Amino acid sequence: MNLYIERIADILSKRDDPPLCYVHSFGCQQNVSDGEKILGMLCKMGYGVSADEESADVIIYNTCAVRENAEQRVYGLIGGLKHLKEKNPDLIIGLCGCMAQEEKTVEKVRSTYKQIDLIFGTHAIQEMPRLLYEVITKRKFVYDTNEYKASGSEIEAVRSSSFKASVPIMYGCDNFCSYCIVPYVRGREVSREPKAVLEEVRHLAEKGYKEIMLLGQNVNSYGKNLSEPMNFAQLLRRINEIKGDFKVRFMSPHPKDMTKEVIDAVFECDKVCKHIHLPLQSGSDDVLKRMNRRYTSEQYMDIVSYIREKDPGFSVTTDIIVGFPDESEEDFKATLDIMERVRFDNIYSFIYSRRTGTSAADMPDGISDEEKSERMTRLLKLQRSISEEHYKRFVGKTLEVLFDGESKKPGLMTGKSDEFVIVEAPADESVKGQRKKVKIIKSYNWALYGEIL
């Protein structure tokens with residue numbers, strides 16, 4: 001990889017004006033992390049960073065394949081790049097990420113989108129310099145969707161934030177949930193060696209990063225294929241020992257792997273934020289079985305009960321899919337029932353979207369779009385009422401908040417508390433990137449309001 005970076009850097013050094021690159025990542029935080037590595041390699045080659053496609057010499061779209069409408073959006077955007085290629089024939093346009101891992105994407109691009117110069121899949125990020133060198137020197141279309149050994153620690157990312165960073169600890173997924181394309185485009189689970197993860201976290205802590213997000217498609221099953229045995233709970237404890245003023249989050253765990261050992265580590269490690277995102281997807285055992293989630297609603301509630309025994313007000317958030325094929329009214333009511341029992345701080349809800357290539361795509365579905373929308377409305381209404389009541393527990397308390405930007409309301413800055421709750425407070429830009437103690441004086445159904453102490 002370094003050889004091709006050096007070769008491209010040598011070519012670019014002969015240019016009078018420094019070339020620019022534009023990298024746009026769609027989808028999940030894993031994709032964003034991959035995009036930061038791609039940008040890091042391009043900058044090492046000598047490219048500057050462009051704020052938009054118009055002025056770029058290299059454009060890379062790092063794509064998401066979770067939903068088909070996301071794919072259609074990407075095709076619309078790359079279609080719009082045709083005029084840029086006509087204006088600048090030397091412009092290089094690349095497609096990578098989950099869409100690029102699918103063979104059908106390569107075939108469609110080659111036949112329809114002649115403006116695309118290179119495609120590389122999720123396993124071939126480290127091969128990007130070699131592919132780009134071929135495009136530059138041979139002016140031909142190249143692609144690589146082969147599988148390579150998961151890597152990443154040697155790629156220096158150019159991060160989008162100076163105070164929040166993500167660290168992938170594993171790649172791929174072994175779960176094969178019936179609605180999800182991820183295992184097919186990301187491959188099977190492979191954990192990064194603990195030494196590499198710990199070194200990256202230590203490096204970020206030394207640079208002053210305030211929040212580090214540990215990433216994995218199934219983050220709490222960490223530990224597979226390691227030469228040095230270590231599970232996720234043990235990794236959290238090792239990270240907690242690293243010196244520095246930083247906090248740790250993780251995304252996304254799976255309920256089937258949420259052990260008491262992991263929960264104990266969350267409570268006992270002072271650097272780990274006191275919040276767990278625990279995707280439910282459905283409260284119906286029948287739907288969960290057809291989703292191939294491999295846990296029951298009772299097992300899910302056992303996990304929540306163990307958390308709440310330790311702290312009744314502990315912050316739990318979740319994902320919910322509404323309108324899975326042939327979800328009955330009773331199935332849907334079972335989801336509402338668990339929402340009432342758990343009292344989630346927040347939910348991330350989605351109307352089921354058929355995804356070609358998954359087993360759920362072939363399931364019969366007798367639910368109308370209108371019925372799915374009506375259920376989503378009911379779900380959101382219930383969650384708003386739960387959040388409005390549940391957030392009152394923070395009023396009068398002092399929370400630690402990492403401020404990350406301006407609120408839409410003038411004179412206020414916004415951030416997230418350790419409990420992963422949005423907090424607004426009167427302040428100016430000087431608090432951005434800082435963790436402050438905030439006395440909460442008011443709650444809403446979506447956020448908290450307070451004053452910085």
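How many residues has helix H9 (residues 194–206), and how far does H9 reach from its first C-alpha to its last? H9 has 13 residues and reaches 18 Å, close to the 18 Å expected at 1.5 Å a residue. The expected span is 1.5 Å times one less than the number of residues.

## Basis

This is a predicted model: local features need pLDDT of at least 70, side-chain atom pairs count only at pLDDT 80 or more, and totals for chains, interfaces and linings use all residues. Residues are numbered from 1 along each chain as its sequence is written, and side-chain values use heavy atoms, leaving out hydrogens and water. Helices (H or I, at least four residues) and strands (E, at least two) are DSSP runs, numbered from the N terminus.

## Helix H9

Buried residues (under 20% relative accessible area, with exposed over 50% and partly exposed in between, 1.4 Å probe, protein chains only) in H9 are Pro-194, Ala-196, Val-197, Leu-198, Glu-200, Val-201, Leu-204 and Ala-205. They pack against strand E7 (164–168), strand E10 (211–215) and helix H10 (232–240). Contact means heavy atoms within 4.5 Å. Gly-208 follows H9, with a positive phi near 95°.

## Helix H11 and its partner H13

In H11 (residues 260–268), the buried residues are Val-262, Ile-263, Asp-264, Ala-265 and Val-266. Their cover includes H10, strand E11 (247–251), strand E12 (275–277) and H13.

The axes of H11 and H13 (residues 297–310) come within 11 Å and cross at roughly 30°. That makes H11 roughly parallel to H13 (angles under 35 degrees; over 145 is roughly antiparallel, 65 to 115 roughly perpendicular, the rest oblique). Axes are lines fitted to C-alpha atoms, for helices over the stretch in contact, and angles run from 0 to 180 degrees between N-to-C directions. H11 contributes Lys-260, Ile-263, Asp-264 and Phe-267 to the contact, and H13 contributes Ile-303, Tyr-306, Ile-307 and Lys-310. These residues divide into 5 nonpolar, no polar and 3 charged.

## Helices H14 and H15

H14 (residues 329–342) packs on H15 (residues 369–390) at about 10°, with axes 10 Å apart. The two are therefore roughly parallel to each other.

From H14, the contact takes Glu-329, Phe-332, Lys-333, Thr-335, Leu-336, Met-339 and Glu-340. From H15 come Arg-375, Arg-378, Leu-379, Leu-382, Gln-383 and Ile-386. The contact residues divide into 6 nonpolar, 2 polar and 5 charged. Here Ala, Val, Leu, Ile, Met, Phe, Trp, Tyr, Cys and Pro count as nonpolar, Asp, Glu, Lys and Arg as charged, and the others, Gly among them, as polar.
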